[in-house]
Each structure stands twice: as C-alpha cells, then as structure tokens.
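Please examine the sequence together with the three-dimensional structure.

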Amino acid sequence: MSWFDAFAAGASNVFSWPGILIPVAGTLLAMITSFLPGIGNTSMVVLVMVFTMGWSPESVLLMFGALTGGATFMGSITAILFNIPGNVSSTPTLLDGYPMAQQGRPRMAIACAATASAVGSLFGVLVLLAALPIVRPLLLEFGPLERLLIGIWGLVTIISVPTSSKLKAAVMTALGLLAASFGQDPASGLPRWNFGVTDMSQGFNVVAMMLGMFTFSELIEWMRTFRLNKSTADDSKGGDSIREGVMAVFRNLGLTIRSSSIGTLVGMIPGVGGTVAGFVAYGHAVQSTPDNSEFGKGDIRGVIAPEAAVDAKDGGSLLPAVAFGLPGSEAGVALIAVFTMHGIVPGMAMLTTQLPLTFTLILALLFSNLLTSVVGVALILWLAKLRKLPIERIALPCLVISLVTVVQINGLLFDLYTAVGFGVAGYYWRTHGWPRAPFVIAFVLGSLIETNLSLSLQLIDIGRLQPLQRPGCIALVLLIAGSLWWMARHRGAVKERAPQQDADVSIGLVSTIVIGVLLAFALADRATYSAYATSVAAVCLAFAAAATARAVLARQPRSQAFSPGMLAAGLAPPPEHRLPLLLIVGLPVLVWLTGLVEGVGLAVFAWTLARAGRSGVRAWLVAAVSGAVYMLATWWFVNEVANLMLPRGALWQLFASD
C-alpha cells in the first residue's frame, strides 16, 4: 500500500460516520478530566483501557489518540486560572499564565494558549509525517550522550528564568537532582537514601511529587479559614482581549515556530517527555528575548513558548512509539500499554503493512488537538468567569480527589505521603520566593541525566563512543555553551527581594541541615553511594550554605542574633493558612492510623467542624454527614473502580493482632 493510500485510509477512519464520534468523545472526556485539578488524564486513560478490551484496533487508536491530544491544552486552563496545572506538562504555563489572569487578562491568556497549542500541534504532526520515512536513522542518532546533554541543557535553561536570584535557582536545581537520586542507583541497583522503607526502592513518584508541589501547596491557599474574595484579578487593567491573545501568537511567530521545533525534537527522544519540552522552550524564550524582565510576571511569550512546545511534542513522541515501542513522553507510556493489550506491534509493521493504523493514530491526535483549541476558544468567556467563583468551596473535593488519585496510580499509600511532603515544602518555597520550577525540572531530568551519564562513561571507557564524531553531541554542546554565555551576560537582570521575617534564613538553614545529614550518609557508605550521588549532595550543600549565608548578611538589623525562636518564627505560616496546613500535614497521620477510607472521612469531619466555628448539634451533624459521604465515595472508588488492595491502618492491625 502506498503512503497516499495509507493516509487516505487513516483519514477515512477518523472522519467517517459514526467513527468520528469516538475521537470527539475521547477529546471531550480528556478535556474534562484534565481541567479538573487533581484528577489528571493518566487515571482516566487507565480506566478507559478496561472498557476498550473488545474494540477493533482502529477504534482503539481513535480513542487513545484523542485522549492524548485532548489532555494537553485543557490542563493549561487550570494553570492559568487557578495556578494549578491540570496535568504535569502544563506546569510551565502557570509561570506567566497565572500572573496574566491575576492582572485581569485571563481571556487573553487562554486565547493565546489555545492558538499556540493548535499551531504547535499542527507543526508537530507535519514534522512527524515528513520524518516517518527517515525515522530510524534519525532516532538512532540520539544515544546516551545526546540524552545526557539534552538533560543538561534543560537544567541550564531553567536556571536562567528570571523569577528569582540565580543562587536560589541553583539551590533548587541541586535539590531537585538530589531528590531524584533517592531510591536506588540506576547502574548498580544498590539502595540510596531509602532508610529501610521498601516503598522507596524506586524513589519518589514523579506524579506524586508534581501533585504535591503544585496542587496540595495551592490548596493551602484556597482553604483559608475565611471566605476568599470572588476575584483577586486586577480588573482595572485593560487589554483582556481574545483577539489580542490569538494575534500574539502570530506576532511572535518566530518564537512559536522555534518552540514547536524544540517540542517536536524533545518529543522524539524516548523517555524525555512533555514537561521537559515545555520548560526547555520556556527557557529558550527567556534567553532569546532582549527584554525579559517581565517573564514570570505575566509575559505572554511565557505562555506561547511552553504551549507550542508541549503540543508539538505529541506529534514528535509518536515517532519512537510507533517505530520502536518506546514512550517519548508521559502519555506515551499509556499508549505503549494500549498497543500491548490489543496486539499492535510497533516497528516496521507500523511503517509498512499497518501504516493505515499509524495514520489513524496521527490524525486522531491532530483532530483532537485542534478540536480542543476550538472548543477552548469558544468557551473562553465562560471559562474566564470561573475565576470569580468562591473557590474555597471546591478546595476540599479537589484535595480528596487528588490524594485518592495519587494512591490509585501505583496502589501505594507512600505516594500520598510523598505528595503531602512535597506539598508542604512547595507551600513554603512558593510563599517565600524560592522558585519551584528549577526543582521540578531537575527532578524530572535527574534519573535521565544519571542513567545516561553512567552509560556514556562506560561506552567512552571501552572505546565504543567518540563524542567528537557525533554531530548531535557537538550541536548540543554548542547550545549549552550559548546558554551559559547568555547567563553570564545577564547575571544581574533580576533583583532579589529582601527576606521577610527571616524566612529565607530559616528555609536555607533547614535545607542545609537536611542536606548535610544526607551527605553524611553518603560519605559513611561510599560503597553504596556513587560518585554522582555524593557529588550532587556536596554541591547542593555548598549552594544551600551560600544562600543561607547571603540571607543572614541581608537581615535587618544585622546586629540582632539569630535564635531558634526566630527560626520557628520564620517558618510560621500566617494565621489564615494554619488550619488548612494542619489538615494537609495531619492527613498522612490519619491515613496511617486508620486507613485511606477512614482517614478521608475523619479529615473531612474535622475540617467541616473547624470551619463551622461553633460546636452545636447542627455543626456536629453536618460534619458527620460530610465525613460519611466522602468516606463512602472514597470506598466506592477504591474498591469498585480502582480495585485497589490497600493495607489497613495501624490501629486496625493492632486490634486484629490482639
């Protein structure tokens, strides 16, 4: 079958009646699940897999192509409106999208995101179609050394984003690499910093980390003990125009195309993913813009770059998936699982005899991406009004949905503890101006960098790898050098704010102590901890100590000695955040003691009673009913939908043993 005939057959599968209803339904389903904070598309994809067991291969690819494409843009809407990414790859968009909404420009930000997503998606699919005939030699050019350099480039670019001082960004980057080293050494398989906890053998789950860092930390802001204002946006500013948002993409067409190219390229590299594509494109936008002082404060170019890159990566990520069965992004993992379940074998068959199936998948993805953008633009006026909702009313449901979802992913309660831990850390970092983006991107890239560093050194040692003979390697080294040169030229671009209430000293000191303890563990057991892990901990300690010393010198008055009481005061949250922070910190304790279902019910009961502000019979009755409703809903999801076998709480086990 010729390529034209295969393309026509794929198009017929997508646009025939009633076949087109499948990608439409998949797109709308993905849009809903990606828009709701804490649910995410990954859980929905897993559930949909069960219902497609008897479907034909064409119908399956129509559905999952649509689920992949429909999830990307709508997750950005939540990031723009509420500062919570609807999915992991939407994280870079919130850096400038949410400030735009705060400034009274939510419609402009959403329209810009929708248009950039459509352009990026179209670009990625066109590159995919052009690259299919030459896919094998293209992908084989990217070996361990190229993947390593891509990771290093991502770290360098994200440190240069001017949202805080370079020293704080360096501390957070090193912390992200250190956190990614927990679990086990990828080369030797030896345990590292798992402290005897079996569930930590694979380290911290990336979805749990992201959920805690952005969702849980933001929910603390939502769940204040007083009623929020209906809108915190500055409506006095004009310019909130849908047309301006659309036209901004074409006024910055060069940035849009470059970001789409970055997204497509990164998507082609197995195992890298859309989050990396978005952050690398964002860093490129910062470095390629002469006046970048507004990035992180509501610059529309900070929305264009990641949105174009993240949607373009969907097209690029299909290359390794259909050619080699390798996931090129987070969504690619689920797609490979779908291939396996339905007997679809990636490789030469997908590029020859089963080429119509490949085009069905590609065109379903493109259709879904474009449909999502069209629906998003059509709903902008309605979506923008969501910022005026009293969001404290949906904070508790979002919290419960989030924690149940994170447990459902791997069936481990430890992932809930991970999410809460990173949520509390993310709250303090966000509140006191320590940038979270460098931490997140370093965490995502950490295992990629370490694994490929080990492989590259081994190949160089045995003479199987010659870096100077690899064009891709040379090109990436030049990109890294250019990024470092740019950082040196713009090292004074951002003025750091003065520490408030000794918070910077407190955070820096706590970080230094914790990192110092981890480094001591590594030095005491050098046979288990690799030179990479030890070096990362040492560098992280040096950066944290330097940041702490800098914060101490910046204190006013300097003559006042720093005491343990001042350390606690620096970490004390404002009164309106103490109750929600206590609830989130107490959740793991309740779950550990009583189990997930009972812990959810008790947490809801305690929160509802505390919010009532009184102790009458009616308040106790409302709290009890609310706790029972949430407990029954959690039980139904865990047992009937997710079919999880979770351990009973410590108290139940204690009584059972007696």
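Which residues of α5 are buried? In this predicted model, they are Leu-94, Leu-95, Asp-96, Gly-97, Tyr-98, Pro-99, Met-100 and Ala-101. Helix α5 covers residues 94–102, and because eight of its nine residues are buried, the helix is largely enclosed by the rest of the structure. After α5 comes Gly-104, which has a positive phi near 90°.

Helix α20 comprises residues 413–431, 19 residues in total. From its first C-alpha to its last it reaches 27 Å, close to the 27 Å expected at 1.5 Å a residue. Helix α20 is also mostly covered, since 14 of its 19 residues are buried. The residue Gly-433 follows α20, and its phi is positive, near 80°.

The discussion now turns to a residue from another helix. Met-213 belongs to helix α10, which spans residues 206–222. A residue counts as buried when its relative accessible area is under 20%; Met-213 has a relative accessibility of 0% and therefore counts as buried. Leaving out residues up to four places away in sequence, Met-213 touches Phe-422, Gly-423, Gly-426, Trp-429, Arg-436, Phe-439 and Val-440.

Where does Ser-181 lie? Its position is in the loop between α9 (166–180) and β1 (183–184). With a relative accessible area of 1%, Ser-181 is buried. A polar atom of the Ser-181 side chain lies 3.0 Å from the backbone oxygen of Leu-177. When neighbours within four places in sequence are set aside, Ser-181 is in contact with Arg-192, Trp-193, Glu-450 and Tyr-532.

Val-197 is found in another setting, the loop between β2 (191–192) and α10. Is Val-197 buried or partly exposed? Its relative accessible area is 34%, so Val-197 is partly exposed. Val-197 is also a member of a nonpolar patch on the surface, which it forms with Phe-195, Leu-509, Ile-513, Val-517 and Phe-521. Together, the residues of this patch have about 510 Å² of accessible area.

In review, the reader may return to the structure and locate buried Ser-181, buried Met-213 and partly exposed Val-197.

How values were computed
Residues are numbered from 1 along each chain as its sequence is written. This is a predicted model: local features need pLDDT of at least 70, side-chain atom pairs count only at pLDDT 80 or more; totals for chains, interfaces and linings use all residues. Side-chain values use heavy atoms; hydrogens and water are left out. Helices (H or I, at least four residues) and strands (E, at least two) are DSSP runs, numbered from the N terminus. Buried means under 20% relative accessible area, exposed over 50%, partly exposed in between (1.4 Å probe, protein chains only). A polar contact is a pair of N or O atoms within 3.5 Å; within protein, one must be able to donate a hydrogen and the other to accept it, and residues adjacent in sequence count only if both atoms are side-chain atoms. Contact means heavy atoms within 4.5 Å. The expected span of a helix is 1.5 Å times one less than its number of residues. Patches are made of residues with over 30% relative accessible area and no salt bridge: like charges are joined within 9 Å, nonpolar side chains (Val, Leu, Ile, Met, Phe, Trp, Tyr) within 5 Å. Accessible areas come from the Shrake-Rupley method with a 1.4 Å probe; for residues, only the protein chains shown count as cover. A salt bridge is a side-chain nitrogen of Lys or Arg within 4 Å of a carboxyl oxygen of Asp or Glu.
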